[in-house]
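Subject: Structure for you to look at

Dear colleague,

I am handing over the structure we talked about, and my notes follow below it. Please open the model beside the text and read the two together.

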Amino acid sequence: MQNDISLGYAGSYERFDTVSKKEASVLMGADCLVGDRFSIEFKTQDNTVVAWMKNKFGALVGFFSPEISRQLQIYEARGWKLTALLSFVAYTDTPEPGAYCGEAALICYDPRNGADSFERFIDTIGKVMEDSIRPDISLSHDGVQHVLQENGNWVPTARIPLPEKVDGMAILKRRRKISEGLIEQGRAGNKGCYAVSWAFIAVLAIAVVAGAYFGLKALGVF
C-alpha cells in the first residue's frame with residue numbers, strides 16, 4: 001500500500017488468507033459477495049497484530065499479511081477510515097491440505113478530507129467490481145482531486161489484472177451472480193426482488209432435474 005500519509009488516501013488490492021476450509025466456507029455463500037464492503041478488525045495472535053476482514057454479519061472471513069496489517073494499523077492510529085471490498089475468492093491446494101484465499105481492494109482515507117466523497121467513491125468502486133472489473137485504486141494526488149471534485153462519482157480508467165494463474169490455484173468467485181444481486185436487494189428491503197430470487201433458484205433447480213430426467217429417458221433408463 002501507499003506510504004504517503006500526506007496524501008490522506010491509500011488504496012491497493014491485497015491478498016487475504018483464511019484459517020481453514022471450514023471457517024472460510026462462508027466466503028462462497030451469499031453472505032460474502034464480490035464488491036461487498038468489509039470492515040477491518042485487529043486481533044493479536046502470537047504477539048502479532050493481524051488485520052481481519054469482517055463481513056456485514058459480523059463474521060471474520062480472512063486475514064492480511066503482517067506487513068499489510070501493520071500499515072493498516074498505522075492508518076487506523078491516525079484516525080483514517082479503513083474499508084475492504086471483496087474482489088475474488090480462490091482455492092489453492094498447496095500447501096496441503098489446501099485453503100481458501102483471495103484478494104480485496106483496500107481503501108483507506110482521512111475522513112477530515114471529504115468523507116462523503118470517499119464514501120461514495122467506495123460505493124462506486126464496489127459497484128463496478130460486481131462485474132469483475134478491477135479499477136486501479138492506487139490514486140495519485142490528481143486522482144484524489146478527481147474523487148473530491150466529482151463527489152465520489154468517478155472510476156479510474158486504468159485496470160488492475162487478476163494475478164497470474166499458478167499451479168494448484170483456481171479462482172472460484174470473481175463476479176456477482178444475478179441471483180446473488182436479487183438476494184442482496186431483498187435484504188435491502190426490496191421484497192419483490194427477494195421473492196424473484198428464490199423463484200429464479202427454484203426454476204433453475206426444476207430445469208436441472210427435468211434435464212436429467214429427459215436425458216436418462218432418452219437413454220432408456222425410464
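Two strands are taken to pair if DSSP finds at least two bridges between them. In that sense, β1 (residues 9-17) and β6 (residues 99-109) pair in antiparallel fashion over nine bridges, and Arg 15 stands opposite Glu 103 of β6. Please keep in mind throughout that this is a predicted model.

**Overall make-up and confidence**

The protein has 222 residues, of which 40% are buried, and its secondary structure comes to six helices and seven strands. Read from the N terminus, the elements follow the order β-α-β-β-β-α-β-β-α-α-β-α-α. Among the contacts with a separation of 6 or more, 66% are between residues 24 or more positions apart.

The pLDDT averages 86 over the protein, and 82% of the residues score at least 70. Where is the confidence lowest, and where is it highest? Helix α6 (residues 191-218) has the lowest value, with a mean of 48, whereas α3 has the highest, at 98. Within residues 193-205 the pLDDT is below 50, although in the model this stretch has 14 contacts beyond near neighbours in sequence.

The hairpin formed by β5 and β6 has six residues between the strands, and in it Gly 98 takes a positive phi near 95°.

How many residues of β6 are buried? Ten of the eleven are, so this strand is largely enclosed by the rest of the structure. Strand β1 has seven of its nine residues buried, so β1 too is largely enclosed by the rest of the structure.

**The contact between α3 and α4**

The axes of helix α3 (residues 115-129) and helix α4 (residues 141-149) come within 8 Å and cross at roughly 100°. Angles of 65 to 115 degrees count as roughly perpendicular, and α3 and α4 are therefore roughly perpendicular to each other. On the α3 side the residues that meet the other helix are Ser 117, Phe 118 and Phe 121, and on the α4 side they are Val 144, Val 147 and Leu 148. By class, this contact has five nonpolar residues, one polar residue and no charged ones.

**Single residues to look at**

Phe 63 lies in strand β4 (residues 60-63) and is partly exposed, with a relative accessible area of 23%. Leaving aside residues up to four places away in sequence, Phe 63 touches Arg 15, Phe 16, Asp 17, Thr 18, Val 19, Val 50, Ala 51 and Trp 52. Phe 63 and Glu 41 are 22 residues apart in sequence, and their C-alpha atoms are 9.3 Å apart in space.

Gln 71 belongs to helix α2 (residues 66-77). Is this residue buried or exposed? Gln 71 has a relative accessible area of 15% and is therefore buried, the cut-off for buried being under 20%. Not counting residues up to four places away in sequence, Gln 71 touches Met 1, Gln 2 and Asn 3.

Which backbone angle stands out at Asp 46? Although Asp 46 is not a glycine, its phi is positive, at about 55°. Asp 46 sits in the loop between β2 (37-45) and β3 (48-54), where it is exposed, with a relative accessible area of 76%. Asn 151, likewise not a glycine, has a positive phi of about 55°; this residue is found in the loop between α4 and β7 (169-173) and is partly exposed, with a relative accessible area of 33%.

With best wishes

Key
Residues numbered from 1 in each chain as written. Predicted model: local features only at pLDDT ≥ 70, side-chain atom pairs only at ≥ 80, totals over all residues. Heavy atoms only, no water. Axes fitted to C-alpha atoms, helices over the stretch in contact; angles between N-to-C directions. Helix = DSSP H or I, 4+ residues; strand = E, 2+ residues; numbered from the N terminus. Parallel < 35°, antiparallel > 145°, perpendicular 65-115°, else oblique. Contact = heavy atoms within 4.5 Å. Nonpolar A, V, L, I, M, F, W, Y, C, P; charged D, E, K, R; others polar. pLDDT = per-residue confidence, 0-100. Buried < 20%, exposed > 50% of the residue type's maximum accessible area, 1.4 Å probe, protein only.
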